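Welcome, and please open your viewer so that we can walk through this protein together. At each stop you will get something to select and a short note on what is there.

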Amino acid sequence: MYVDVYAVQDGYACFCIASPVMNIAMPKEKELYQKLLILNQDMYPASFSIHNGWVWFRILRECDGMDVHKCRDSFDRVGWYADKYDDELKNEFGR
């Protein structure tokens, strides 16, 4: 799992939690990308992303208003979705 806090602009900071889901080196890349875009439609503030040849599941949110419960919920959500979709996507796209 990857965690980062970074400044975006003028004191505005973001909090990111991400987990790798699967490697994208496969024959059905186009279909995988389409599936990820469809899944992203119903997710907020979470989404799938592609980085260094991997599909990642991540939550990106503002630090302003963050408390321990929201932070914990973000970690739990990323872990749950990454675990759910790693199996589902690997089974569907063969990796």
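This is a predicted model: local features need pLDDT of at least 70, side-chain atom pairs count only at pLDDT 80 or more; totals for chains, interfaces and linings use all residues.

The relative accessible area of serine 47 is 19%, and buried means under 20%, so serine 47 counts as buried. Now show what surrounds serine 47: leaving aside its neighbours within four places in sequence, it is in contact with Asn40, Trp56, Phe57 and Arg58.

**Colour by confidence**

Next, colour the model by pLDDT. The average for the protein is 89, and 99% of the residues score at least 70.

Now select the strands. In what order do the 4 strands stand in the sheet? The order is β1-β2-β4-β3, in an open sheet with antiparallel pairing. Find β1 (residues 2–9) and β3 at the edges: each has a single partner strand, so one side of each is left without a neighbour in the sheet. Turn the view, and you can follow a twist that averages 35 degrees from one strand to the next.

Let us cross the sheet pair by pair:

- Select β1 and β2, an antiparallel pair with 7 bridges. Tyrosine 6 has cysteine 14 in β2 as its bridge partner.
- Move on to β2 and β4, which are antiparallel and pair over 9 bridges. Here proline 20 stands opposite tryptophan 56 in β4.
- Finish with β3 and β4, which run antiparallel and are joined by 6 bridges. Look for phenylalanine 48, opposite phenylalanine 57 in β4.

**The turn between β3 and β4**

Zoom in on the hairpin of β3 and β4, where 2 residues lie between the strands. Select asparagine 52, in the loop between these strands. For background, most residues other than glycine have a negative phi. Asparagine 52 has a relative accessibility of 66%, so it counts as exposed.

**The helices**

Helix α1 lies across β2, β3 and β4, and runs at about 155 degrees to β3. Helix α2 lies across β1, β2, β3 and β4, running at about 25 degrees to β2.

Stay with α2, which covers residues 68–93. Its 26 residues reach 37 Å from first C-alpha to last, close to the 38 Å expected at 1.5 Å a residue. Which residues of α2 are buried? Select Ser74, Val78, Ala82, Tyr85, Asp86, Leu89 and Phe93 to see them. The buried residues of α2 pack against β2 (12–23), α1 (29–40), β3 (46–51) and β4 (54–62).

At the N-terminal end, select aspartate 67, which caps the helix: one of its side-chain oxygens lies 3.0 Å from the backbone nitrogen of histidine 69. Then jump to glycine 94, which follows α2 and has a positive phi, near 75 degrees.

Technical notes. Residues are numbered from 1 along each chain as its sequence is written. Side-chain values use heavy atoms; hydrogens and water are left out. The expected span of a helix is 1.5 Å times one less than its number of residues. Buried means under 20% relative accessible area, exposed over 50%, partly exposed in between (1.4 Å probe, protein chains only). Contact means heavy atoms within 4.5 Å. A polar contact is a pair of N or O atoms within 3.5 Å; within protein, one must be able to donate a hydrogen and the other to accept it, and residues adjacent in sequence count only if both atoms are side-chain atoms. Two strands pair if DSSP finds at least two bridges between them. Axes are lines fitted to C-alpha atoms, for helices over the stretch in contact, and angles run from 0 to 180 degrees between N-to-C directions. pLDDT is the predictor's confidence in each residue, from 0 to 100.
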